[in-house]
Every structure is written in C-alpha cells, then in structure tokens.
Amino acid sequence: MQLLARALTSIEVERRLILPIDCLPALPRFEGSHENGITLQVMDDVEILWNFRCKKRNGAADRLAIETDWIQFVNSKKLRSGDIVAFYKDDDRVSGTLCKIEVKRRTCMYNK
C-alpha cells in the first residue's frame with residue numbers, strides 16, 4: 001500500500017525530507033521515550049535497510065521530518081531535486097510490517 005509519493009525539493013535533497021502530518025497513522029506511535037522521534041526502518045530497492053530518524057516538527061503546519069540517515073540515502077542514490085520518492089507499507093511474514101522506499105528519476109527534456 002502506497003503511503004506517500006512526492007517530488008523532492010532542493011531543501012529535501014540537501015537537509016531533510018518533510019512528510020505531511022497525515023502520514024502519522026501509518027507510522028509507529030510517537031509516545032513515551034519516542035515522543036520527539038522514532039526510528040523508521042525502510043528497505044530500498046536493493047534490500048538495504050535504512051534507519052531514518054523521524055521527528056515531529058511543530059509550527060504553523062505540523063509535519064514530520066526525516067533527518068538521520070536521509071542525506072546518506074540521498075547521496076547513495078544520487079538523488080536530485082525533482083526526483084520522486086515513494087513510501088510503501090508492506091506486511092512481511094517474517095519481520096512484520098515494514099516500509100519500503102522507491103525512487104523514480106525526474107524526466108528532463110533537452111532541446112538539441
């Protein structure tokens with residue numbers, strides 16, 4: 001089941017990925033010692049498990065931010081502004097519920 005798909009902005013490629021607050025029900029609960037953040041384990045297309053730190057960011061518009069390990073993921077995939085990332089929720093029989101991430105490159109049209 002797809003949770004989110006979005007084109008990356010330059011800020012998201014350089015610093016952190018911002019998620020809308022409506023993604024919250026699909027994530028592990030933010031409570032107790034995890035109130036300020038949780039570790040979100042995400043499997044990529046080559047089955048590398050990433051441990052993204054996801055934090056609630058309060059302000060004019062509540063949102064979630066993935067910070068820790070995000071830049072390493074961006075660099076390893078050579079992501080650029082305009083590339084699309086999609087998160088999926090997958091129920092694995094062995095490990096339980098798991099999130100997966102898929103990357104789609106932006107398409108560029110060049111005049112020759």
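I take accessible areas from the Shrake-Rupley method with a 1.4 Å probe, and for residues only the protein chains shown count as cover. On that basis I record about 7500 Å² of accessible surface for the protein chain, with 48% of it belonging to carbon and sulfur atoms.

I note that this is a predicted model, in which local features need pLDDT of at least 70 and side-chain atom pairs count only at pLDDT 80 or more, while totals for chains, interfaces and linings use all residues. Residues are numbered from 1 along each chain as its sequence is written, and side-chain values use heavy atoms, with hydrogens and water left out.

**Entry: chain overview**

I looked up the secondary structure as DSSP runs numbered from the N terminus (helices: H or I, at least four residues; strands: E, at least two). The protein chain holds seven strands and two helices, in the order β-α-β-β-β-β-α-β-β from the N terminus. I then checked burial (buried: under 20% relative accessible area; exposed: over 50%; partly exposed: in between; 1.4 Å probe, protein chains only). Of the 112 residues in the protein chain, 30% are buried. For contacts I used heavy atoms within 4.5 Å. Taking contacts between residues at least 6 apart in sequence, I find that 50% join residues at least 24 apart.

**Entry: aromatic rings and Phe52**

I searched for ring pairs among Phe, Tyr and Trp (its six-membered ring), with centres within 6.5 Å; planes under 30 degrees apart count as stacked, over 60 as edge-to-face and the rest as tilted. The whole structure gives five aromatic pairs. Trp50 and Phe52 form a stacked pair, 6.4 Å centre to centre with 20 degrees between the planes. Trp50 counts as buried at 11% relative accessibility, and Phe52 is buried at 0%. Ring pairs also link Trp50 and Phe52 with Trp70 and Phe73 in a cluster.

I placed Phe52 in strand E4 (residues 49–57). Beyond its neighbours within four places in sequence, Phe52 is in contact with residues including Ile38, Leu40, Val42, Ile66, Trp70, Phe73, Phe87 and Ile101. Phe52 and Ile71 lie 19 residues apart along the chain, and their C-alpha atoms are separated by 9.8 Å.

Is Lys77 buried or exposed? Lys77 is buried because its relative accessible area is 15%. I found Lys77 in helix H2 (residues 70–77), in contact with Asp44, Asp45, Val46 and Arg105 once neighbours within four places in sequence are set aside.

I next turned to Val103 in strand E7 (residues 96–104). Val103 is partly exposed, at 27% relative accessible area. Not counting residues up to four places away in sequence, Val103 touches Phe73, Leu79, Ile84 and Val85. Between Val103 and Asp44 I note a C-alpha to C-alpha distance of 8.6 Å across 59 residues of sequence.

**Entry: cavity**

I searched a 1 Å grid over the protein atoms alone for cavities (sets of points where a 1.4 Å probe fits but cannot get out), with lining residues having an atom within 4 Å of a point. Grid points are joined across faces, edges and corners, and a volume is the space filled by probe spheres set on the points. The count is one cavity of 30 Å³ or more, and the largest cavity holds about 50 Å³ of space.

Which residues line the largest cavity? The lining consists of Leu3, Leu4, Leu19, Cys23, Leu27, Leu40, Phe87 and Cys99. I classed Ala, Val, Leu, Ile, Met, Phe, Trp, Tyr, Cys and Pro as nonpolar, Asp, Glu, Lys and Arg as charged, and the others, Gly among them, as polar. By class, the lining has eight nonpolar, no polar and no charged residues.

Definitions and conventions. On a 1 Å grid over the protein atoms alone, a cavity is a set of points where a 1.4 Å probe fits but cannot get out, and a pocket is an open set with protein on both sides within 12 Å along at least five of seven lines; lining residues have an atom within 4 Å of a point.
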